[in-house]
Amino acid sequence: MTALTKAKGFKKSKSGTYLSIATTAFGALSVAKQAKKARVESDTLRLIDAAVSAAAIVTGLAILYRELKRLGDDDVLLG
């Protein structure tokens with residue numbers, strides 16, 4: 001098994017999905033800082049950018065959650 005094959009397998013595993021969720025959620029901190037700075041500076045364009053980024057994060061988390069549920073459905077022990 002090559003390293004690339006192992007990496008692809010990890011990406012589709014529960015551990016990989018949890019890591020993706022954590023990484024995506026960590027990105028939300030950056031977006032929150034960006035939004036706060038944009039509000040303080042009254043920078044409408046940066047505020048719009050932060051809102052679009054936040055929407056992308058929420059969508060990404062929803063997709064990852066769905067993937068996690070799908071992986072859980074395949075687990076015999078979870079029923």
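1. Let's start with Lys 69, which counts as partly exposed at 48% relative accessibility. In these notes, buried means a relative accessible area under 20%, exposed means over 50%, and partly exposed is what lies in between, worked out with a 1.4 Å probe and protein chains only. Lys 69 sits in helix 3. Along the sequence Lys 69 is 55 residues from Lys 14, yet the two C-alpha atoms are 9.4 Å apart in space.

2. Before going on, a word on what you're looking at. This is a predicted model, so local features need pLDDT of at least 70 and side-chain atom pairs count only at pLDDT 80 or more, while totals for chains, interfaces and linings use all residues. Residues are numbered from 1 along each chain as its sequence is written, and side-chain values use heavy atoms, with hydrogens and water left out.

3. Helix 2 covers residues 14-41.

4. Which residues of helix 2 are buried? They are Gly 16, Thr 17, Val 31, Ala 35 and Ala 38. Ala 28 is in helix 2 too, but Ala 28 is partly exposed, at 30% relative accessibility. Across the whole protein chain, buried residues make up 15% of the 79 residues.

5. Now look at where helix 2 ends. Ser 42 follows helix 2, in the loop between that helix and helix 3. Ser 42 isn't a glycine, but its phi is positive, at about 55°. Is Ser 42 buried or exposed? Ser 42 is exposed, with a relative accessible area of 62%.

6. Ala 28 and Ser 53 are 25 residues apart along the chain, and their C-alpha atoms are separated by 8.5 Å. Ala 51 and Gln 34 are 17 residues apart along the chain, with 9.6 Å between their C-alpha atoms. Ala 51 belongs to helix 3 and is partly exposed, with a relative accessible area of 47%.

7. A contact means heavy atoms within 4.5 Å. Take the contacts in the protein chain between residues at least 6 apart in sequence: 62% of them join residues at least 24 apart.

8. A search of the whole structure turns up two salt bridges. The term means a side-chain nitrogen of Lys or Arg within 4 Å of a carboxyl oxygen of Asp or Glu. One joins Asp 43 and Arg 46, at 3.2 Å from N to O. Asp 43 is partly exposed at 23% relative accessibility, and Arg 46 is partly exposed at 48%.

9. The other salt bridge links Glu 67 and Arg 70, with the closest N and O atoms 2.7 Å apart. Where do the two residues stand relative to each other in helix 3 (residues 44-73)? They are three residues apart in that helix, so about one helical turn separates them. Arg 70 is partly exposed, at 39% relative accessibility.

10. Last, the surface. The protein chain exposes about 6200 Å², and carbon and sulfur atoms supply 66% of that. Accessible areas come from the Shrake-Rupley method with a 1.4 Å probe; for residues, only the protein chains shown count as cover.

Technical notes: Helices (H or I, at least four residues) and strands (E, at least two) are DSSP runs, numbered from the N terminus.
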